[in-house]
Amino acid sequence: MNMKNAQYKNLGLSVLLILTVSAASFSQDSQKIRPISFYIGIQPAVTVEPFDEYRNTIDVNIFPLIFEYAIDNKWSIRLSPIANLQLRPEFPAAISHLGAGLTVPYHFSKKNSEEGHRGFYAGPHVAVTNHKLDQFNSITAAGEIGFAFLFNSVLSVHVGAQAGTTLMLNPDTGYNVMVRHVGAIFSFGFWF
C-alpha cells in the first residue's frame, strides 16, 4: 500500500509541476504585447469647383477610408481610395471620380512597437484618378507634410497639407493640361 501511495504522490507532484510550468509560461506569453502596425481611419474630402460664374459643384468622397501600415519605427505607407459623388446644379448627383492615393510618410518621432506613429511627418504623395463625367484621367504628384496626434497609444488624428502638380490626360483627344494641386488633409482613426 505504501508503494501505491508513493506512486500517487509522485504522480500528483508531477501534475502539479506541469501545471505550474504551464501557468508560468502562459502568463509570460499573455504579457507579450502584439506590435501595433495598422491604422484604419476616416479621411473626409470635399472639393468645390466652379460650375458657371454663379454656381459651384461639390464633390464628396463617399468612400473616405484610409489605410496605413507602419513599415518600421519611422516609415509607413498610406492608401486612400477615392470615389467622389458630384452634386451639380440642374443635374442629378453622379459619381465623378474613381481612383486612389498613395502616400509614404517619414515620421520624425520614433515609434515604439506598442503604439501608432505620432508627431511631424513628411513624404511623397501620388494619386491616380479617372474622371467619369469629363472622360479623362489625372495623375497627381505632391509632397505631404503634417502632424499626427496620438491619444491612448491607438487613437490618432492627422492634420496636414499637400502641394504639387496634377497632370490631366484625355486619351481620346490628346488634350493634356498641368494644374497646381493644393489640398488639406484631416483624418482620424485607430492603430491596431
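With which residue does Arg78 form a salt bridge whose closest N and O atoms are 2.8 Å apart? In this predicted model, the partner is Glu144, and the pair links distant parts of the chain, since Arg78 lies in strand β5 while Glu144 lies in strand β9 (residues 136-151), 66 residues apart. Arg78 counts as buried because its relative accessibility is 4%, under the 20% cut-off, and Glu144 is likewise buried, with a relative accessible area of 2%.

Arg78 also forms a salt bridge with Glu68, where the closest N and O atoms are 3.1 Å apart; this pair again links distant parts of the chain, with Glu68 in strand β4 (residues 65-70), ten residues from Arg78.

The structure holds four salt bridges, and one of them joins the side chains of Glu115 and Arg118 at 2.9 Å, N to O. Here Glu115 is buried, with a relative accessible area of 11%, whereas Arg118, at 34% relative accessibility, counts as partly exposed.

Strand β11 (residues 176-191) gives the largest share of the lining, eight residues, and the lining as a whole divides into 21 nonpolar, 20 polar and seven charged residues. Asn84 is itself buried, at 11% relative accessible area, and, leaving aside neighbours within four places in sequence, its contacts include Asp59, Asn61, Ser96 and His97.

How values were computed. Residues are numbered from 1 along each chain as its sequence is written. This is a predicted model: local features need pLDDT of at least 70, side-chain atom pairs count only at pLDDT 80 or more; totals for chains, interfaces and linings use all residues. Side-chain values use heavy atoms; hydrogens and water are left out. Helices (H or I, at least four residues) and strands (E, at least two) are DSSP runs, numbered from the N terminus. Ala, Val, Leu, Ile, Met, Phe, Trp, Tyr, Cys and Pro count as nonpolar, Asp, Glu, Lys and Arg as charged, and the others, Gly among them, as polar. Buried means under 20% relative accessible area, exposed over 50%, partly exposed in between (1.4 Å probe, protein chains only). Contact means heavy atoms within 4.5 Å.
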